[in-house]
Amino acid sequence: MRTTSLAFLSTKRHSGRFFYNCCAFTPAQGFDVCLYTAVRRCIFQKRISLANETTQQSGLGAQWEELTLGLYDAVRFLGRLFRQAIRPPFDFHEIIRQCFEIGYRSLPLITLTGFVTGIVFTKQSRPSLVSFGATSWLPSLIAIAMIRALAPLVTALICAGKVGSNIGAELGSMKVTEQIDAMEVSGARPFDFLVVTRVVASTLMIPVLAMYCAFVGLMGSFLNIYQNEKTSFITFISDAFEQIGFLDIGTSLTKAIAFGFTIGAVGCYKGFYASNGTQGVGKAANTAVVLSMFLIFIEELVIVQVSNWLR
Amino acid sequence: MAYAHQIDYAQRVIDIRGLYKSFGPLKVLQGVDLDVFKGENVVVLGRSGTGKSVLIKIIAGLLPPDAGTVNVLGRHVSELSEEELRMLRLKLGFSFQNSALYDSMSIRENLEFPVSRNMPGMSKTALDDLVKETLDAVGLLNKIDRMPSELSGGQRKRIGIARTLMLKPEIMLYDEPTAGLDPVTSVEINNLINEVQERYNTSAIIITHDLACAKATGDRLVMLFEGKVAKAGSFKEVFASDDPEVQKFYNYNFIQ
């Protein structure tokens with residue numbers, strides 16, 4: 001039977017091969033490179049030996065092995081990202097350009113979605129509050145909903161679609177047309193120039209966009225409340241922020257920072273390692289969006305849980 | 001016809017021994033040995049899939065070898081740290097098959113990019129002069145503010161070569177320099193390769209399956225067959241062989 005994942009390293013034959021592969025690389029390349037290459041080689045050799053023995057391969061085992069390797073690749077990518085992000089030289093000019101691309105160019109979409117979200121949420125909440133005679137709670141309800149949950153989440157989902165797919169497709173296209181290789185061989189440090197700058201820019205810009213989305217959402221909500229309840233702007237703002245504390249804003253910012261990092265990192269990871277020509281570019285853009293959204297929901301769940309413990 | 005140039009047979013700039021590379025079950029290189037001497041243009045010939053491009057990607061450190069040693073300018077490529085490899089790459093010029101110009105940048109920015117990334121202290125005027133001088137060397141100074149999408153295939157190849165020349169490399173690696181070009185443009189590219197060798201005193205590996213290019217640019221030919229060096233020598237020596245594979249390759253090229 002086929003042994004799944006890295007468990008086969010525990011066998012005498014393969015553990016020997018693993019250490020041989022580790023030793024085949026020099027410490028100059030770094031421990032992570034040695035370990036990564038050794039694991040890759042072991043799995044490759046294992047596949048060859050299995051093919052030679054004409055052993056039946058279980059589809060589930062192969063998928064599990066790919067998942068393990070995928071996770072290892074992702075961890076290695078993140079390690080490289082953090083290492084390069086704190087190592088000079090810093091590409092400030094490119095970071096500012098990316099901030100403009102990610103932040104400024106997303107403003108129209110965020111304005112529209114934030115405004116509509118504010119109005120729709122207010123309209124849908126009113127009937128429930130009317131039945132309790134508690135329409136005066138609308139501003140604080142909307143503020144809590146927008147600042148705690150909706151603004152970072154809506155911004156992140158919009159940007160996962162717009163920014164994540166853009167980064168995935170752009171880097172994927174550069175990868176398959178060998179532009180990234182061309183940067184690599186000219187010593188231009190493409191990882192720093194393409195990946196670090198985009199991840200930093202999206203980590204900085206998504207929180208700004210999320211706060212902007214919350215503001216626009218509250219304005220949309222105010223217009224609807226003013227139309228129906230004739231509440232003044234000062235009263236609306238005063239009521240809205242009555243229930244909002246430092247923890248709410250802190251949690252919201254934390255979420256937005258995590259979402260921004262996720263969108264940038266996933267888009268870059270999928271694009272930077274794209275393969276298989278134009279099909280690979282499409283796949284990189286698509287999986288960047290899907291994986292970003294999936295991770296955003298997981299992060300939302302975790303951060304909300306942690307903030308509730310702190311509350 | 002190759003230009004007059006000096007080859008220093010006492011100085012190996014590339015020294016490859018027992019190079020193996022596989023992709024999954026596909027064995028691409030199976031024990032390749034290759035030397036390139038200073039000032040020499042070596043043409044690597046072979047059919048598609050024989051590992052020609054893989055060979056130069058391993059030399060440039062873009063792919064790791066499975067086994068064997070690759071020594072470039074006295075440094076073992078697989079033993080270098082990331083920064084050491086980057087420094088070594090500054091001495092290599094890699095001309096990609098599809099030119100790999102940066103789509104989002106103008107020709108001027110394409111040429112400025114490697115220099116501004118590696119020599120951030122260089123003044124704007126000096127960089128501008130260098131860009132103009134290099135574009136002039138490839139005969140495309142008038143295209144300086146165009147975008148890559150506005151250029152023909154041959155012009156893109158020239159710009160790709162110009163971009164590599166910005167860092168004054170010691171070794172040039174050309175991946176299929178005449179692929180997809182008409183015969184006239186191919187001759188222009190062949191002449192450019194020889195001009196680069198003479199003007200910049202470079203050594204080069206030229207990957208091709210175009211025998212006209214091989215004959216025009218190569219001081220020495222190496223023919224790869226099934227991942228191994230099947231024949232090596234001058235153009236005449238290689239194609240004087242009775243080896244049916246070599247003859248088949250020759251006939252197919254020159255019948256056209």
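Helices (H or I, at least four residues) and strands (E, at least two) are DSSP runs, numbered from the N terminus. The model is predicted: local features need pLDDT of at least 70, side-chain atom pairs count only at pLDDT 80 or more, and totals for chains, interfaces and linings use all residues. Side-chain values use heavy atoms, without hydrogens and water.

D128(B) and K132(B) both lie in helix α4 of chain B, four residues apart, about one turn of the helix. They form a salt bridge (a side-chain nitrogen of Lys or Arg within 4 Å of a carboxyl oxygen of Asp or Glu), with the closest N and O atoms 3.1 Å apart. D128(B) also forms a salt bridge with R108(B), at 2.5 Å between the closest N and O atoms. R108(B) lies in helix α3 (residues 107-118) of chain B, so this pair ties together parts that are 20 residues apart in sequence. D128(B) is buried at 18% relative accessible area. Buried means under 20%, exposed over 50%, partly exposed in between (1.4 Å probe, protein chains only). R108(B) is partly exposed, at 21%, and K132(B) is partly exposed, at 35%.

In chain A, R198(A) forms a salt bridge with E170(A), the closest N and O atoms being 3.2 Å apart. R198(A) is in α8 and E170(A) in α6 (residues 138-176), so the pair ties together parts that are 28 residues apart in sequence.

Contact (heavy atoms within 4.5 Å) between the chains takes 24 residues from chain A and 31 residues from chain B. Three salt bridges link chain A and chain B. R117(B) pairs with D91(A) in a salt bridge, the closest N and O atoms being 2.4 Å apart.

Definitions and conventions
Residues numbered from 1 in each chain as written. Chains lettered and ligands numbered in written order.
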